[in-house]
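Here are my notes for you, written as numbered points. Keep the structure open beside them and look up each residue as you go.

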Amino acid sequence: MRLYETSSLFASAESDGFEQGAAGAAPSSSPNPALTMRESGTVYDLAWYPLMSSSMPSTCCFLSTCHKNPTHLWDAFTGKLRATYRSYDYADEITAALSVAFSGNGDKIICGFDRHIRIFDVGYPGRDYETRALIKTVGGRRGQKRRKMGQRGLISCIDATSLYGGLYACGSYAGSTYVYEENSGKTICSLDAHRNGVTKVKFAPDAVRLWTGGRRDDVIIEWDLRMLKILRRYERRCGSNQRFNFDISPNDGGRFLLTGSQSGDLFIYDTLRASSSSPTPTATAAKSASSNPAKQAESDAGDTGDDADDADDAKMAREKPLVHLKGLGDAVNSVSFHPSFSQQFPYFAACTGERKFWLSDFDQDDDDDDDDDRMAAIPEKDRKSKESRKSTKKAAQSAVGAEEKNSGLDSNSGDGSILSPAPEAGAEGSSLHGSPNRNGTQEGKNPSAATAAGTDRTTGASAANTTMTQHGGRRTRVVRKKTPDMRPPEAEFLVDDDGFVIL
């Protein structure tokens, strides 16, 4: 993590000839960071102290959470570690929070985990925390079916406000957003309009509106928390699982919304401008769980969520951007307004970049997957000989298959008829031959006639394909009618002068 001094950045921009509104420009040299803090793993989230003031160095700090590490509190003046807040799992091992945030008044730390949150007191580092489960089991009395209600999934983002006694909003990768009371943890409402994971939630300065955005979702939704309605939708390009953040201007009542896009564009929307669409209530917004648990259970079930989302998308038009900046060259994954953002100080920061995967184009033949993987490591001069051997092998296999097919047709006399000796005139054997049954054997009227199925010694055919029948001391073989799934025999039949097959 690196911290840069804004005064030096602005001075560098002026020396490079920057002007307000210039797009696509870049400083001639990269500025040096004022502070560098190193973590031992991937940084999941960070949060600045909400009451930070440069005139009070003790308030200049921020939180960070990273892979397999506790939550750290850093000093923004010296870059040193101030405190550590440790969370443990069921095996008494340190587990990392997926998201962190300060409470509205800055005296608590809210950490997001899987289906629960943990709250630390800023003044008491260590492992002392309060765990609040977001999933509760209701029912189970007098024959009622037990069910789980609440917010499911990993808590991916948190935002808090000090208004109305203290509130905090949690977004999860399950696609839901819940608003809770800070002191009691009571559920205020649930907002379900994203089909994929929610990656950003943001309160308005007056805490009347709330913005939510998700991954693989091209809209940012503005909610009215008083009526639980969708006010507006703001468009951006977000077609991957990467987190794309947005920000709200802090000093003008949340008038401007700043967001990046996967296409490399920046959008600024005016949230107070009259909208061309009327507010639409969400089908899955629920009241408090304590006041009406049945409603929340129906909301969690999500019976009508998809149909209502399709209807809302069809009815509600998306807002048009006030400013559209192009030419950043790569995906704009994070943006932030300056804390003193105003018309006299119109500065904001943007971060670009996304992970790219380059895949080689190999032949995806099912029979030659292993050969294709080995071919990539063979030099070009030796690859031609291997390819020629492969083509020769395929040609030989096709020739053998054609030969086997032709031999199979010849062995079955072309029409697939059953081979059996013709009865002699006046002989007793003429009364022994009956009609063939469904198994392909000859049913005789002589009770002494016995049948025995076995493997053909000449062709190797299975017992299911051939049947040996005894007639007056002579043996005949009856061959079933050829079917497409039967493999043709590899040898021809030999018939004696009496019309019997020689085994």
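1. Let's begin with a pair of strands. Strand β15, which covers residues 177–181, is joined to β16 by four bridges, and the two run antiparallel.

2. Now widen the view. β15 and β16 belong to an open sheet of four strands in the order β13-β14-β15-β16, with antiparallel pairing. Its edge strands are β13 (155–161) and β16 (187–191), each of which pairs on one side only. From one strand to the next, the twist averages 20°.

3. A word on confidence before we go further: this is a predicted model. The average pLDDT of the protein is 73, and 58% of the residues score at least 70. Over residues 281–311 the pLDDT is below 50, and this stretch has 50 contacts in the model beyond near neighbours in sequence. Over residues 409–473 the pLDDT is below 50 as well, with 92 contacts in the model beyond near neighbours in sequence. Please keep both stretches in mind as you look around.

4. Here is the overall picture. The secondary structure comes to five helices and 30 strands. The protein has 503 residues, and buried residues make up 38% of them. If you take the contacts between residues at least 6 apart in sequence, 50% of them join residues at least 24 apart.

5. Next, another sheet. Four strands form an open sheet with antiparallel pairing, in the order β3-β4-β5-β6. Which strands stand at its edges? They are β3 (43–48) and β6 (81–85); each has a single partner strand, so one side of each is left without a neighbour in the sheet. Ignoring direction, neighbouring strands of this sheet are turned by 20° against each other on average.

6. Within that sheet, look at β5 and its two partners. Strand β4 (residues 61–66) pairs with β5 in the antiparallel sense over four bridges, and Phe-62 has Trp-74 in β5 as its bridge partner. Strand β5 (residues 71–75) is also joined to β6 by four bridges, again running antiparallel. There, Thr-71 has Tyr-85 as its bridge partner, while His-72 stands opposite Thr-84.

7. The turns deserve a look too. The hairpin of β4 and β5 has four residues between the strands, and in this hairpin Lys-68 takes a positive phi near 55°. The hairpin of β5 and β6 has five residues between its strands, and Gly-79 in the turn has a positive phi of about 80°.

8. Is β5 enclosed or open to the outside? Five of its five residues are buried, so β5 is largely enclosed by the rest of the structure. Thr-71, Leu-73 and Asp-75 point one way from the strand, His-72 and Trp-74 point the other way, and all are buried.

9. Let's follow Tyr-85 away from the sheet. The structure holds 11 aromatic pairs. Tyr-85 lies in strand β6 and Phe-120 in strand β9 (residues 116–121), so the pair ties together parts that are 35 residues apart in sequence. Tyr-85 counts as buried at 1% relative accessibility, and Phe-120 counts as buried at 1% too. Elsewhere, ring pairs link Phe-256, Phe-337, Phe-341 and Phe-348 into a cluster.

10. Phe-113 is found in the loop between β8 (108–112) and β9, and is buried, with a relative accessible area of 5%. Leaving aside neighbours within four places in sequence, its contacts include Ser-87, Thr-95, Arg-118 and Gly-153. Ile-155 is another contact of Phe-113; these two residues are 42 apart in sequence and 5.5 Å apart in space, C-alpha to C-alpha.

11. Finally, two places where a charge meets a ring. The charged end of Arg-118 sits over the ring of Phe-113, 4.9 Å from its centre. The charged end of Arg-127 sits over the ring of Tyr-88, with 3.8 Å to the ring centre.

Methods: Residues are numbered from 1 along each chain as its sequence is written. This is a predicted model: local features need pLDDT of at least 70, side-chain atom pairs count only at pLDDT 80 or more; totals for chains, interfaces and linings use all residues. Side-chain values use heavy atoms; hydrogens and water are left out. pLDDT is the predictor's confidence in each residue, from 0 to 100. Contact means heavy atoms within 4.5 Å. Two strands pair if DSSP finds at least two bridges between them. Axes are lines fitted to C-alpha atoms, for helices over the stretch in contact, and angles run from 0 to 180 degrees between N-to-C directions. Rings of Phe, Tyr and Trp (its six-membered ring) pair if their centres lie within 6.5 Å; planes under 30 degrees apart count as stacked, over 60 as edge-to-face and the rest as tilted. Buried means under 20% relative accessible area, exposed over 50%, partly exposed in between (1.4 Å probe, protein chains only). A charge sits over a ring if NZ of Lys or CZ of Arg is within 6 Å of the ring centre and within 35 degrees of the ring normal.
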